[in-house]
Amino acid sequence: MSVTCVFGMQWGDEGKGRIVDLLAAKSEFVVRYQGGANAGHTVIVGQEKYVLHLLPSGVIQPDTTNIVGNGVVVDPATLIAEIDGLAKRGIDLQGRLFVSDRAHVVLPYHKTMDMALEALRGSDALGTTSRGIGPAYGDKFRRAGMRVVDMLKPERYEELLRANTGAWNAILEQAGMPAIDIPAVIEEMRAVGERVRPYVADTTDMLLSAWRAGRSILAEGAQGFGLDVDHGSYPFVTSSTTGPAGVSAGTGLPPKALTRVVGIAKAYLTRVGAGPFPSCDHGAAGRHLAEKGHEFGATTGRPRDCGWFDAVLARRAALTQGCDAVALMKVDCLSGLDEIKLCTAYELDGRRLDSPPAWAGDWVRCTPVYETFEGWSEDLGGARHFDDLPVAAQVYVRAVQAIMETPIEMISVGAERERFIPLERGVPVAV
Ligand code: IMP
């Protein structure tokens with residue numbers, strides 16, 4: 001019996017889709033438990049590239065059942081577009097994709113509101129993905145949302161929408177934007193609701209039965225620890241609980257069901273959107289990483305800022321989220337740098353910090369304390385054993401493992417499925 005959670009330890013874009021795809025080969029169920037279409041999980045199989053925003057990354061593995069859990073905010077139009085897109089590529093999801101009847105719906109006006117709120121923030125804008133995530137979760141928590149179960153009852157739309165949109169219209173007026181067109185929303189929801197209907201189920205029941213029958217379940221996190229609404233760089237965060245703590249709330253599985261937590265971290269660091277990033281590198285090294293790592297947002301196409309591995313953030317993620325293992329991604333992208341830096345602590349107003357400060361205003365002012373390592377020039381794409389790595393790469397990876405106090409059980413050296421080094425007992429300690 002196993003319930004594994006895979007989650008991002010940084011600011012998203014760590015490579016979770018690739019790891020979920022690998023682990024899904026051994027899982028019977030894959031479930032998304034939070035976030036929405038703001039995610040962009042990439043899976044590469046042979047010559048084929050799949051970018052998934054809302055569907056669990058297990059859909060690419062033919063034998064998995066995939067679930068969009070109750071904790072996700074579902075944009076029905078995106079859901080249908082993804083289902084149709086995969087069908088065109090020969091992947092039929094009928095009978096192996098289920099959407100929770102309790103999940104909240106991202107309504108068209110949530111996306112408008114996302115943009116209106118960003119415009120009102122002016123220079124303090126968060127740099128959201130404009131996918132309506134904040135407003136949809138906002139409605140959920142102020143108990144003014146539409147859930148999937150409501151979406152299947154068009155006779156209730158009018159009453160529900162009229163009761164729930166008043167507060168938003170006031171903000172739209174302030175932003176100089178037109179009020180919500182309720183008849184247009186009703187028409188759109190009616191159409192998409194019918195398309196989603198065949199996939200709707202009580203997924204909590206399904207997952208509970210699966211768990212009690214000892215089936216293997218993989219919970220796929222989106223975004224990352226630095227964007228977690230409680231633990232991240234608030235307010236420059238997303239609106240959900242991104243780590244394993246979100247699994248129970250977002251699926252209905254009991255907290256004690258979780259048997260393993262795998263954190264995903266890139267060997268360097270990227271961020272898209274606004275917010276603190278002390279180890280950001282605006283020089284040649286940052287450009288090298290952006291180029292080698294193809295660091296452009298899978299959802300928005302925005303270029304990501306790049307910099308050095310931030311152990312303050314990753315260690316906090318590993319320890320607070322109870323990571324059993326870490327998968328260290330994109331180590332191959334470090335090849336060709338003369339030296340590699342590792343941010344081991346922050347300095348703020350002459351004080352050393354080993355944990356991130358609570359206030360983003362302080363976090364922005366932190367300067368990184370670096371340990372510098374020798375670089376390497378070899379191409380790592382063919383490495384399948386730890387000993388295949390150049391000594392300089394071994395030294396760096398070992399240092400990352402030590403500072404996180406968590407075993408690195410996989411090193412990724414390329415985007416393709418087979419390009420990784422498995423390490424059952426973590427990186428071997430130097431002798
Ligand atoms: P939202 O989730 O669209 O509200 O955006 C809030 C912040 O999270 C912004 O800085 C986004 O760029 C960031 N963000 C949201 N989803 C992702 C993701 O999947 N990868 C990386 N950053 C993300």
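The exercises below concern a predicted model.

**Exercise 1. What radius of gyration would a compact globule of 431 residues have, and what does the protein have?**

Solution. For 431 residues, the compact-globule value is near 22 Å. The protein has 22 Å, so it agrees with that value. The C-alpha atoms fill a box of roughly 70 × 50 × 40 Å along the principal axes. Buried residues make up 56% of the chain.

**Exercise 2. Which parts of the chain does the salt bridge of arginine 260 and glutamate 409 link?**

Solution. Start with the pair itself: the closest N and O atoms of arginine 260 and glutamate 409 are 3.0 Å apart, and a salt bridge requires a distance within 4 Å.

**Exercise 3. Why are arginine 365 and aspartate 362 separated by about one helical turn?**

Solution. Both residues belong to helix H12 (residues 360-365). They are three residues apart there, which means a separation of about one helical turn. Arginine 365 is partly exposed, at 43%.

**Exercise 4. Are glutamate 295 and arginine 304 buried or exposed?**

Solution. The side chains of glutamate 295 and arginine 304 form a salt bridge of 2.6 Å, N to O. Both residues are buried.

Conventions:
Residues numbered from 1 in each chain as written. Predicted model: local features only at pLDDT ≥ 70, side-chain atom pairs only at ≥ 80, totals over all residues. Heavy atoms only, no water. Rg over C-alpha atoms; globule rule 2.2 N^0.38 Å. Buried < 20%, exposed > 50% of the residue type's maximum accessible area, 1.4 Å probe, protein only. Helix = DSSP H or I, 4+ residues; strand = E, 2+ residues; numbered from the N terminus.
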